[in-house]
Amino acid sequence: MIRYTLAILLLFLGGCASSDIDERPDLPPETLYLEGMEALRLEKYAAAAERFEEVDRKHPFSPWATRAQVNLIFAHYRKENYLEALSAAERFIRLHPRHAYASYAFYMRGLIHYRQISSAYQDQSRTREALQAFEEVVSRFPKSDYAWEAERMLTLCRDRLAEQEMVVGRYYLDREDYIAAINRFTTVVKTPIYRVTPYAEEALFSMVLASLKLGLDEDARN
């Protein structure tokens, strides 16, 4: 009998706790959205994300929902919650591929990848993903406000990829593995997106040096 009474009491308390959680009144979407924008202004990004998510969840068909989805990308990005930011960006692209803010979502997808790029001594898969995302911004939205910025970011991505090739090439050169070194330096010199980087001149000089070490004087002169 005592156990039965305790079980009823626990269920009652659980019900009270649930009602306490839900006691926040349903605010209009505009109010929630403005609260989110104010939280952004105050750099309270977690609170902003909560408000924008609430707009999207409770008022999915209101005109404020789309705006909330856009700002949710930014809120997660500023919190450095890159996984959530990327998910929000990709969701917006999937739901609104032709929206006026689609170019922003595509650009943010590239920027999120870029912020996670490792040093030139590590794997560059994020750099390649960022490169592809920024190329998509330029090709899809050439007249958008983000196309010029995407072009600038593309330059940085190409520089990083060329730098990694140089890191590996220098390693082989130091180890006197000249054939492997020449292959890496040739990649920088002959690949269109690399040969416009600041590393192309060093790569060409290093090819000459490696060729001379191998006794390939004619190749060095060429």
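1. Helix H6 passes helix H8 in a left-handed crossing; a crossing is left-handed if the near helix is turned anticlockwise from the far one by less than a right angle, and right-handed if clockwise. The axes of H6 and H8 (residues 147-174) come within 11 Å and cross at roughly 25 degrees. H6 is therefore roughly parallel to H8, the classes being roughly parallel under 35 degrees, roughly antiparallel over 145, roughly perpendicular from 65 to 115, and oblique for the rest. Axes are lines fitted to C-alpha atoms, for helices over the stretch in contact, and angles run from 0 to 180 degrees between N-to-C directions.

2. The model is predicted: local features need pLDDT of at least 70 and side-chain atom pairs count only at pLDDT 80 or more, while totals for chains, interfaces and linings use all residues. Residues are numbered from 1 along each chain as its sequence is written, and side-chain values use heavy atoms, with hydrogens and water left out.

3. On the H6 side, the contact with H8 is made by Tyr 107, Leu 111 and Tyr 114; H8 contributes Glu 149, Ala 150, Met 153, Leu 156 and Cys 157. Contact means heavy atoms within 4.5 Å. These residues divide into seven nonpolar, no polar and one charged. Here Ala, Val, Leu, Ile, Met, Phe, Trp, Tyr, Cys and Pro count as nonpolar, Asp, Glu, Lys and Arg as charged, and the others, Gly among them, as polar.

4. H6 (residues 102-114) also packs with H4 (residues 63-78), at an angle of about 15 degrees and with the axes 10 Å apart. This makes H4 roughly parallel to H6, and their crossing is left-handed. H4 supplies Val 70, Ile 73, Phe 74 and Tyr 77 to the contact, and H6 supplies Tyr 104, Ala 105, Met 108, Leu 111 and Ile 112. By class, the contact has nine nonpolar, no polar and no charged residues.

5. Ala 105 of H6 is buried, at a relative accessible area of 0%. Buried means under 20% relative accessible area, exposed over 50%, and partly exposed in between (1.4 Å probe, protein chains only). Not counting residues up to four places away in sequence, Ala 105 touches Ile 73, Ala 89, Phe 92 and Ile 93.

6. The whole structure holds eight aromatic pairs; rings of Phe, Tyr and Trp (its six-membered ring) pair if their centres lie within 6.5 Å, with planes under 30 degrees apart counted as stacked, over 60 as edge-to-face and the rest as tilted. One of them, Tyr 33 with Phe 52, is tilted, at 5.7 Å centre to centre and 50 degrees between the planes. Tyr 33 lies in H2 (residues 29-41) and Phe 52 in H3 (residues 45-58), 19 residues apart. Both Tyr 33 and Phe 52 are buried.

7. The rings of Phe 106 and Phe 141 are also tilted, with centres 5.3 Å apart and planes at 55 degrees. Phe 106 is in H6 and Phe 141 in the loop between H7 (125-140) and H8, so the pair ties together parts 35 residues apart in sequence. Phe 106 counts as buried at 2% relative accessibility, as does Phe 141 at 17%.

8. The chain has 11 helices and zero strands, taken as DSSP runs numbered from the N terminus (helices H or I, at least four residues; strands E, at least two). Buried residues make up 41% of its 222 residues.
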